[in-house]
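Open the model in your viewer and keep the selection panel at hand. The stops below say what to select and what is there.

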Amino acid sequence: MPSSSTMPLSPDPPFLCADEAAIAGLLDAEPHHMPEKDYLRRCRERSVDVTARLDAVNWILKVHAYYEFSPVTAFLSVNYFDRFLSRCSLPQQSGGWAFQLLSVACLSLAAKMEESHVPFLLDLQLFEPKFVFEPKTIQRMELWVMSNLKWRLRSVTPFDYLHYFISKLPSSSSSQSLNHFFSTSSNLILSTTRVINFLGFAPSTVAAAAVLCSANGQLPLSFHDRVNDEMVRCCHQLMEEYVVDTCPASVKARITEPAPPSSPVGVLDAATCGSCDTPSDRNFAGPPNKRLRSSASDAPQR
């Protein structure tokens, strides 16, 4: 399969921004599609397992590249992952199965939202996973994720702003320059998902900073009067420090020691009986019993 650096990077954004009013609507909505405000602090304090998070993001980006999913799909997957973790806690001493199950469920949900063709749930579990989950287990996790996201799956992402922000650049008149700016900005945005510091920035800020990086210092007069220039400057500085030199490097997920694939079954039977409206109040269900990999196939998810 082609790498993420060679795949087409011109998705149709969920919200195609054509004017100031459309941007204003996105800016109004974006706070409702971000993790809880204390999530970045908890990541920095290691109350969230940031190593497991990075492994999950690396895996999502690898599968995204393998199936040639759109950049929006990969970003949405991580968005769902972080929003869920900002509301609910997973066991950090679970051998990794809880975070792996969450990452599979989030990628599956994002693919259903964005892709015209979605692989079977068993086929999503690529690259020698330590655990392989039965489709019914993943589907239960999907329900739990959607409940905690309050069914807000059509999230506002940085990609929703790219076309509008790029149009503000002085040299964005030609189709060739537009494609260059969009491709470079898209790769930068995907690279930010691996670094927790970018969780402190709104999608509009990340988009503006990525456009600035792709433009090599060509400064627009203003992206939008509601986009904070100082926050964009800070995000741009972090982007140059953390991701510009590595983008669009191929993603290399760390794979732990190989083990016979097994599948926790019934993980969410108790957890899905109620909602998790209060952030971090509910703990994940205890370690499940393991069963051998199921050979049953699941129906395509749309």
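Select residues 97–114, which form helix α5. At 1.5 Å a residue, its 18 residues should span 26 Å, and the end C-alpha atoms are 26 Å apart, so the two values agree. The expected span is 1.5 Å times one less than the number of residues. Helices are DSSP runs of H or I with at least four residues, strands are runs of E with at least two, and both are numbered from the N terminus. Of the 18 residues in α5, 16 are buried. Buried means under 20% relative accessible area, exposed means over 50%, and partly exposed lies in between (1.4 Å probe, protein chains only).

A note on the source: this is a predicted model, in which local features need pLDDT of at least 70 and side-chain atom pairs count only at pLDDT 80 or more, while totals for chains, interfaces and linings use all residues. Residues are numbered from 1 along each chain as its sequence is written, and side-chain values use heavy atoms, leaving out hydrogens and water.

Now show the whole protein as a cartoon. Eleven helices and two strands are present, and along the sequence they follow the order α-α-α-α-α-α-α-α-α-α-α-β-β. Of the 302 residues, 54% are buried. Contact means heavy atoms within 4.5 Å; among contacts between residues at least 6 apart in sequence, 83% join residues at least 24 apart.

Next, select leucine 149, in the loop between α7 (135–148) and α8 (159–166). Is leucine 149 buried or exposed? Leucine 149 counts as buried because its relative accessibility is 3%. Apart from neighbours within four places in sequence, leucine 149 is in contact with Tyr80, Arg83 and Phe84. Phenylalanine 84 is 65 residues away in sequence, but the two C-alpha atoms are 6.7 Å apart in space.

A search of the whole structure finds one cavity of 30 Å³ or more, and the largest cavity has a volume of about 250 Å³. It is lined by 19 residues, and those closest to its centre are Phe75, Asn79, Phe198, Leu199 and Phe201. The elements that give two or more residues to this lining are α4 (71–85) and α10 (203–214); α4 gives the most, with four. On a 1 Å grid over the protein atoms alone, a cavity is a set of points where a 1.4 Å probe fits but cannot get out, whereas a pocket is an open set with protein on both sides within 12 Å along at least five of seven lines; lining residues have an atom within 4 Å of a point. Grid points are joined across faces, edges and corners, and a volume is the space filled by probe spheres set on the points.

For an open space, select Pro31, Met34, Pro35, Glu36 and Lys37, which lie nearest the centre of the second largest pocket among its 17 lining residues. This pocket holds about 370 Å³ of space.

Finally, select two loop residues. Most residues other than glycine have a negative phi. Arginine 46, in the loop between α2 (39–44) and α3 (50–67), has a positive phi of about 70 degrees. Glutamate 128, in the loop between α6 (121–124) and α7, has a positive phi of about 50 degrees. Glutamate 128 counts as exposed because its relative accessibility is 65%.
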